[in-house]
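Student: I have a chain open on screen. Can you walk me through it?

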Amino acid sequence: MEIGYVGRQDRPALKEIWLASFPEDGPETADVFLDALLKPGWCLAGRLDGRAVTMAFLLPAELVAGESVLPLRYVFAAATLPPYRGKGCFGALLRRARELSAAQGVDALFLRPAEPGLAAYYERFGYRPYFSAVEETIRPAQAAGDPAGRVLHFPPRLEPSLWRERAEAAACSRDAALQGRPAWVRWPAEIVGLSAYGSLCLAGQGCYAMGGQEPAPAAPEGGRDGGGASLFFREWVAGPSEAPALCAAAWQAVFLRAVSQQAPGEIPPASIRLRRPARAGEAVSPFGWLCPLTGRAEALFLTAAQDRPYMGLALD
């Protein structure tokens, strides 16, 4: 199998793989991601008889670990056409990704398995649990105080210059909120903005959040409605003193959006579900897997328990 970086000319083939592997996304979502991420050196594909049959994006990022900054590549949208699965195509692609990344001076590859059962597969190729996160639910009663910070909306079909401006602002706010953590991933602005597609960002002094409203649960047959919808913030970076104001800002932003979309009768959210960095001494769940390519990346595992490394975005 021929494996190499691909470009815009391969877009139709990559879209075919995407939709065959992630049918829940639909063509419009696939187009959004391909338009944003199909850049030189960002996507690797394997070809058989001239046809692309397997692919993975290798997105640039950095691990900020104390005074050190390690270049990383995030393995994203890893997929293979159904007839070619189970034949070793994607395994060959993963091995080639390691070789190319190491030759370019990358310290490590990392990823988030799309489902728990895939973790063991990736571990066969040198990936190990490294990043952690905590999920919790906050009720309205915890949103005491005045809303803090500004709101950055990322609606679909946002004008490109506005999208770039908001993406830069969101990335700067995220970085500022994470400064001082022992180990965390810094993402380029275009990836932060893409992660916020269709959502909103809340940015305040020392705090940051990204997410939006989830549908209300379905009503049981013959019963009352399922109650209020919830908000899910895929990133929530706030200390105990900043969290109440950030909660208040989240609820206010969703209500204002409902009014602006002429949906004032929408069921109010009943809770905020959030994903955040782990605090010292807190039980955590594995969130991201790291494949070290250098000695200094290998050494990261020695302090992972106390560093509680935070990856954050997974483009999920």
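Student: Start with helix 1 and helix 2. What is the handedness of their crossing?
Tutor: The crossing of helix 1 and helix 2 is right-handed. A crossing is called right-handed if the near helix is turned clockwise from the far one by less than a right angle, and left-handed if anticlockwise. Note that this is a predicted model: local features need pLDDT of at least 70, side-chain atom pairs count only at pLDDT 80 or more, and totals for chains, interfaces and linings use all residues. Residues are numbered from 1 along each chain as its sequence is written, and side-chain values use heavy atoms, with hydrogens and water left out.

Student: Which residues of helix 1 and helix 2 make the contact?
Tutor: Helix 1 supplies Arg 11, Leu 14, Lys 15, Trp 18 and Leu 19. Helix 2 supplies Gly 26, Pro 27, Ala 30, Asp 31, Phe 33, Leu 34 and Asp 35. Contact means heavy atoms within 4.5 Å.

Student: And at what angle do the axes cross?
Tutor: Roughly 130°, and the axes come within 10 Å. Axes are lines fitted to C-alpha atoms, for helices over the stretch in contact, and angles run from 0 to 180 degrees between N-to-C directions. Helix 1 and helix 2 are therefore oblique to each other. Under 35 degrees counts as roughly parallel, over 145 as roughly antiparallel, 65 to 115 as roughly perpendicular, and the rest as oblique.

Student: Zoom out. How many helices and strands in the chain?
Tutor: Nine helices and 13 strands. These are DSSP runs numbered from the N terminus: helices are H or I with at least four residues, strands are E with at least two.

Student: How much of the chain is buried?
Tutor: Of its 316 residues, 50% count as buried. Buried means under 20% relative accessible area, exposed over 50%, partly exposed in between (1.4 Å probe, protein chains only).

Student: Which residues have the most contacts inside the largest nonpolar core?
Tutor: Trp 18, Phe 57, Phe 76, Phe 110 and Trp 187, in a core of 67 residues. Strand 3 (residues 51–65) gives the most to this core, with nine residues. A nonpolar core is a set of buried Ala, Val, Leu, Ile, Met, Phe, Trp, Tyr and Cys residues joined through side-chain atoms within 4.5 Å.

Student: What does Phe 57 contact, leaving aside neighbours within four places?
Tutor: Among its contacts beyond those neighbours are Trp 18, Leu 34, Trp 42, Phe 76 and Ala 77.

Student: Where is Ala 77, and what is its phi?
Tutor: Ala 77 is in strand 4 (residues 68–80). Its phi is near 55°, a positive value in a residue other than glycine. Ala 77 counts as buried because its relative accessibility is 9%.

Student: New topic. Where does Glu 282 sit?
Tutor: In the loop between strand 12 (271–276) and strand 13 (285–292). Glu 282 counts as partly exposed because its relative accessibility is 26%.

Student: What does its side chain reach?
Tutor: The side chain of Glu 282 reaches the backbone nitrogen of Arg 279 at 2.9 Å.

Terms used. A polar contact is a pair of N or O atoms within 3.5 Å; within protein, one must be able to donate a hydrogen and the other to accept it, and residues adjacent in sequence count only if both atoms are side-chain atoms.
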